[in-house]
Amino acid sequence: MDFTLDRESQEALDELRKWGREQVRPVGLEADREARPIPVGHAFFDRCLERGDGRTHWKPPGSPPPERRPSTLTRLLLAEEFAYWDRGVMNATPGPGLPEMSVVGSGTEEQKERYLGPFVKPDKPRWACFAMTEPGAGSDAAAIQTRAEKDGDGWILNGAKCFIGAASRSDWILVQATLDASKGRGAQRAFFVEQGTEGLGPFKIEKKMGLKAYESSSFSLDNVRVPAENLLGGEARYERKAGFKAAMSTFNAGRPVIAANAVGMGRAALDETIRFARENDLVGDARVRDRIEAIARKVRMARLVCLRAGQLAEEKRPNIVEASMSKALAAQVAQEAASQGLELLGAVGARGDHLIEKLYRDAKAMDIVEGTGQIQRMIIARNLVDLPR
Amino acid sequence: MNLAPDEDLELIVETARRFGEDALLPHIRSAESARDIDAATRASFAEIGLAELEWPEEVGGAGLGCVARVLVNEELGAADAGAALALDRFGPSLYPVLEMGGDVARFVETSGRALLASDLDGALSIGSDRINGSVPWVPASEADVVVVLAGDQAAVLRNGFTIEGVRGAGMRAAGAGRLRIEDAKPDELISSAAGAGRSRARARLYVASLLLGVMRAACDFSREYARERQAFGRPIAHHQALAFLIADMQMSLDGCRLMVREAAWRVDAGLPAEGAAASALAECIEASRLIGPNGVQILGGHGFMADYPVEKHMREARALGLWLGGFDAAIEESGRLLCASDSPLDIGVGGVL
């Protein structure tokens with residue numbers, strides 16, 4: 001496995017570091033202080049667009065050939081660096097976000113044009129989101145209850161979704177629903193629901209412990225009617241789906257990204273801890289050095305485990321165990337790094353205005369999103385000892 | 001950074017694995033009680049050429065580096081870490097001679113068996129011309145040469161020391177003794193701050209990679225047992241308490257392995273490696289405190305008995321982690337380096353998985 005960075009990647013990393021220091025960290029601290037998501041009209045979002053963020057990777061037919069995508073290694077290091085400055089702000093950044101890959105991978109040509117088209121050269125900050133989680137179904141995604149019923153040539157959706165990123169500000173929401181809740185994942189379908197559709201909402205913007213910079217909303221779907229063409233991929237796609245799932249189940253590209261975010265947060269906690277120790281003349285104390293060493297050691301390990309999982313995915317080699325390990329380990333490490341950092345800060349940490357205290361709250365989410373630590377361990381155990389489902 | 005061994009190295013690692021499984025594994029208990037390795041095993045080890053792995057080519061060695069060492073040690077350590085040490089005539093005592101400008105040719109030609117005694121826990125000091133001190137336990141019953149590494153200095157001793165046999169808690173196949181050095185006059189006295197740092201890094205990775213092997217063996221054995229052994233109508237591995245424990249043990253082992261290899265890659269690439277190596281050893285020792293006892297736990301009562309190897313893994317791992325200053329000396333060095341650095345974990349990845 002080659003972990004060497006090319007010049008282009010190093011430059012992208014340097015550029016992101018500058019963006020992080022000058023823009024991301026301050027706007028993240030502001031959102032945390034104000035205890036609200038970065039408002040839609042905030043100047044930060046305009047600067048995001050100026051920087052070229054908020055766009056889709058999808059290229060309309062007839063566009064020049066896409067540039068070479070950065071390697072997995074580079075993308076993971078960028079994910080680490082962004083989260084180092086603020087993981088919440090990373091999620092708040094405009095763009096087609098989470099559902100983009102589903103639309104590119106499974107959408108019809110017409111859907112790509114209609115839903116990703118506005119993100120090609122966005123005229124203003126635009127968002128989209130994916131709605132899976134429900135009040136009664138988190139890790140157990142097969143248990144979602146939002147119903148989709150055929151109604152003439154369209155569909156009627158009924159149900160409730162929660163903790164959905166950027167939902168109230170999204171142009172459209174890709175809603176996961178089921179034709180028959182007793183039939184598990186196979187009976188699930190995804191539908192585009194456009195903002196303003198009758199029966200969508202109201203949106204409740206959740207008050208969160210951390211990661212306050214991005215909006216997490218809960219909403220209901222009350223007899224929401226969408227036309228047939230809003231079914232992701234159209235009916236034909238679902239006949240091929242079994243094969244698609246089988247192909248996807250040997251490697252995972254998402255978990256190492258979350259792991260990389262967590263590594264970045266752990267690294268931020270480490271740097272702040274060292275800074276605090278130096279400024280307060282504490283590095284002469286062996287107990288202080290031991291704490292710093294423990295944080296650094298775990299972050300170093302988490303980074304290596306994360307890069308390995310990503311590298312395997314890059315090489316199209318099975319990485320299910322490694323991806324789950326990276327996610328489980330890095331989330332734990334980030335949380336522990338912030339917690340140990342607070343230990344060193346003592347009562348200063350309890351004041352509630354130190355970055356490490358914010359990281360302590362922010363990092364907890366990393367062990368919950370994209371499969372909790374417990375779910376990751378179940379996946380690992382399925383592979384190691386054939387733990388039955 | 002490229003953490004995958006190339007084809008030649010792959011072959012060497014495979015040789016080490018086969019030797020471990022065929023020549024060492026069947027005799028772990030007899031080697032432990034004899035506190036030595038039999039002549040036939042020594043002869044067959046000499047034949048496969050692993051003994052000269054890190055010797056420079058000029059003195060008839062393979063001229064390989066730290067990555068090769070940690071890969072080979074993991075394989076041998078998975079079979080019998082004590083035997084691995086007994087079979088390596090010099091073990092980590094070679095490093096100060098290699099890295100600090102010692103007379104390598106004289107050392108390899110005349111040293112018989114050599115032992116590294118470090119001041120990593122402050123037990124020894126190198127004075128003006130005479131050396132005094134003692135080490136309560138070394139994994140050896142005899143040695144022709146003792147290399148003392150203390151601070152920026154190293155001393156090669158050919159007399160003035162005694163090794164008195166002790167029972168030993170683990171690693172007994174390598175022997176077990178108390179080392180006493182009295183008014184020893186060094187045969188060679190060498191000094192180099194950078195070389196001493198690299199020697200410590202390589203010595204720590206030597207120990208860490210043996211530990212990796214022991215931990216791997218404990219993980220593998222207990223996991224396979226847990227898949228077979230039934231309780232309450234299913235394999236014990238299918239009870240979530242054990243399934244999660246097994247997942248955590250494996251996760252810990254994998255993390256350690258990556259740290260050891262990355263640090264070894266740094267040594268070979270000539271990059272600063274002291275911190276990475278010290279961290280890697282500390283992590284291995286910490287992981288071994290999880291994996292060793294839990295390997296026994298998974299086997300329950302059987303685990304406690306000498307009929308199974310897991311109790312040996314548990315003792316062996318703990319003893320290894322106490323050698324050459326162990327955990328405390330490792331975190332002391334790593335912690336000092338981290339606190340002195342402006343960008344302790346700055347992104348600048350390089351190296352081999």
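## Two antiparallel helices in chain B

α7(B) and α8(B) are roughly antiparallel (an angle over 145 degrees), because the angle at which they pack is about 155°. Helix α7 spans residues 193–228 of chain B, helix α8 spans residues 240–269, and their axes lie 9 Å apart. Axes are lines fitted to C-alpha atoms, for helices over the stretch in contact, and angles run from 0 to 180 degrees between N-to-C directions. Helices are DSSP runs (H or I, at least four residues), numbered from the N terminus.

Residues count as in contact if their C-beta atoms, placed from the backbone, lie within 7 Å. In α7(B), the contact includes L205(B), L212(B) and M215(B). In α8(B), L253(B), C256(B) and V260(B) are among the partners. The contact divides into 16 nonpolar, two polar and five charged residues. Ala, Val, Leu, Ile, Met, Phe, Trp, Tyr, Cys and Pro count as nonpolar; Asp, Glu, Lys and Arg as charged; the others, Gly among them, as polar.

## The model

This is a predicted model: local features need pLDDT of at least 70, side-chain atom pairs 80 or more, while totals for chains, interfaces and linings use all residues. Residues are numbered from 1 along each chain as written, with chains lettered from A and ligands numbered from 1 in written order.

## Where chain A meets chain B

Chain A puts 37 residues in contact with 36 of chain B. α8(A) gives the largest share of chain A's side, 14 residues. That side has 25 nonpolar, two polar and ten charged residues.

How values were computed:
Parallel < 35°, antiparallel > 145°, perpendicular 65-115°, else oblique. Contact = placed C-beta atoms within 7 Å.
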